[in-house]
Amino acid sequence: MICYPNAKINIGLNVVEKRPDGYHNLETIFFPIPLTDALETVHNPESKEPYLFSSSGIDIDAKPEENICIKAFELLKANYELPPVNIHLHKMIPFGAGLGGGSADGAFMLNLLKKEFELDVTEEELQELAAQLGADCAFFIKNKPSYATGIGNILQDVELDLSDYYIALIKPPIHVSTPDAYRGITPTPSSHSLTELIQLPVEQWKHHIKNDFEQSVFAKYPEIGKIKMELYEAGASYACMSGSGSSVFGLFKTEPSLNMPPSCFTWIKKL
Ligand SMILES: C[C@](O)(CO)[C@H](O)COP(=O)(O)OP(=O)(O)OC[C@H]1O[C@@H](n2ccc(N)nc2=O)[C@H](O)[C@@H]1O
Ligand SMILES: Nc1ncnc2c1ncn2[C@@H]1O[C@H](COP(=O)(O)OP(=O)(O)OP(=O)(O)O)[C@@H](O)[C@H]1O
């Protein structure tokens, strides 16, 4: 069986407070986008190993057992009977990008194994397992535009139709560490909820919807802030860094023509 784990963008992100466990409570809108990896499982009854893992595409430079797909497999196997399986990941979503690609692979792996082996596991149970893999993973079980609070794992559906827009996604060759990005922030409660602010026309979002990571990340890596400026200069209705960076996205009414350096990953698509 095959599936296509997709990336997400964060439309606004407010880091509200630091928790005693070291994590942060936040407020964000998760929006799925059609930039995908491919993940395949093949039942291999002859194998003596619980899994055989292979990968292609972008090299993520991790041992198989460090791959979040395998962490998801092991987590499910600790709770349910799983026969031997061959797993192949074709990696296309840049990582260290704030696009949640690793989290998507983990969550989709859980769903794929559930389907392949017809496991009796509810969506709620899958969400709980996913949350153990990473703060962003629970979202990818639902994979619908969502308002997220808590550490990003308390989810509420939101109506958000961006099908009139093109998205341009730019990832410079910079890896932003998520824990470092959180350390760079002074948490502040927000005065208006993002569920209210996304009701405004997209053209007004730039005056109201921000990503709290931008200030410290742009100060450390001015190139990322410059990309956001260039997206506005190219006519973006709204532009924002995704998650803790380093990718930046722009929403455009018409297909943009961009002149980004070849070292940047550039992806443009009608939503
Ligand atoms: C920046 C975001 O992508 C926004 O969607 C997420 O908050 C990050 O989610 P993620 O990559 O799934 O994060 P995890 O792998 O669970 O955590 C990585 C590290 O980020 C920090 N972390 C993460 C999420 C959160 N709400 N507060 C945190 O402080 C913690 O130091 C944690 O050790
Ligand atoms: N399937 C996977 N996809 C991406 N990275 C993975 C995966 N499995 C393990 N990793 C490791 O996780 C690290 C990337 O995590 P990181 O959190 O930066 O990226 P991400 O989960 O793709 O997206 P985000 O930047 O939104 O959190 C890499 O160092 C990589 O070795």
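Phe-53 has Ile-87, a residue of strand S6 (85–91), as its bridge partner. Strands S5 (51–57) and S6 pair in the parallel sense over seven bridges, where pairing requires that DSSP find at least two bridges between two strands. Helices (H or I, at least four residues) and strands (E, at least two) are DSSP runs, numbered from the N terminus. S5 and S6 belong to an open sheet of four strands in the order S1-S4-S6-S5, with mixed pairing. Strand S1 (2–3) and S5 are the edge strands, each pairing on one side only.

The structure is a predicted model: local features need pLDDT of at least 70 and side-chain atom pairs count only at pLDDT 80 or more, while totals for chains, interfaces and linings use all residues. Residues are numbered from 1 along each chain as its sequence is written, and chains are lettered from A and ligands numbered from 1 in the order in which they are written.

**Helices H1 and H3**

The buried residues of helix H1 (68–77) are Ile-68, Cys-69, Ile-70, Ala-72, Phe-73 and Leu-76. A residue is buried if 20 or more other C-beta atoms, placed from the backbone, lie within 10 Å of its own, exposed if 12 or fewer, and partly exposed in between. These buried residues of H1 pack against strand S4 (38–43), S5, S6, helix H2 and helix H3 (123–133). Gln-132 is located in helix H3. Gln-132 counts as exposed because it has 12 C-beta neighbours inside 10 Å. The C-alpha atoms of Gln-132 and Leu-75 are separated by 8.7 Å, although the two residues are 57 apart along the chain.

UniProt, in an unreviewed entry, places the feature "domain: GHMP kinase N-terminal" at residues 67–141; such annotations may be inferred rather than shown by experiment. The span 67–141 is 56% helix and 9% strand, and its end C-alpha atoms lie 18 Å apart.

**Domains**

The domain assignment gives domain 1 (2–157) and domain 2 (166–270), with bounds from an automatic or database assignment. Their centres, taken over C-alpha atoms, are separated by 23 Å. In the interface, 24 residues of domain 1 are in contact with 31 residues of domain 2, contact meaning C-beta atoms, placed from the backbone, within 7 Å. Strand S2 (6–18) and S3 are the elements that give two or more residues to the side of domain 1 that touches domain 2. S2 gives the most to that side, with ten residues. By class, the side comprises 13 nonpolar, eight polar and three charged residues.

**Ligand shells**

A residue is near a ligand if its C-beta atom, placed from the backbone, lies within 6 Å of it. Ala, Val, Leu, Ile, Met, Phe, Trp, Tyr, Cys and Pro count as nonpolar, Asp, Glu, Lys and Arg as charged, and the others, Gly among them, as polar.

| Shell | Nonpolar | Polar | Charged |
|---|---|---|---|
| Ligand 1 | six residues | eleven residues | one residue |

Of the 18 residues around ligand 1, Gly-134, Ala-135, Asp-136, Ile-151 and Gly-243 come nearest. Strand S3 (24–36) and helix H5 (178–183) are the elements that give two or more residues to this shell. Ligand 1 lies between domain 1 and domain 2, because both give residues to its shell.

Ligand 2 is surrounded by 19 residues, the closest being Ala-62, Phe-95, Gly-101, Gly-102 and Asp-105. Here the elements giving two or more residues are H1 and helix H2 (101–116). H2 gives the most to the shell around ligand 2, with four residues.

Conventions:
Two residues are in contact if their C-beta atoms, placed from the backbone, lie within 7 Å.
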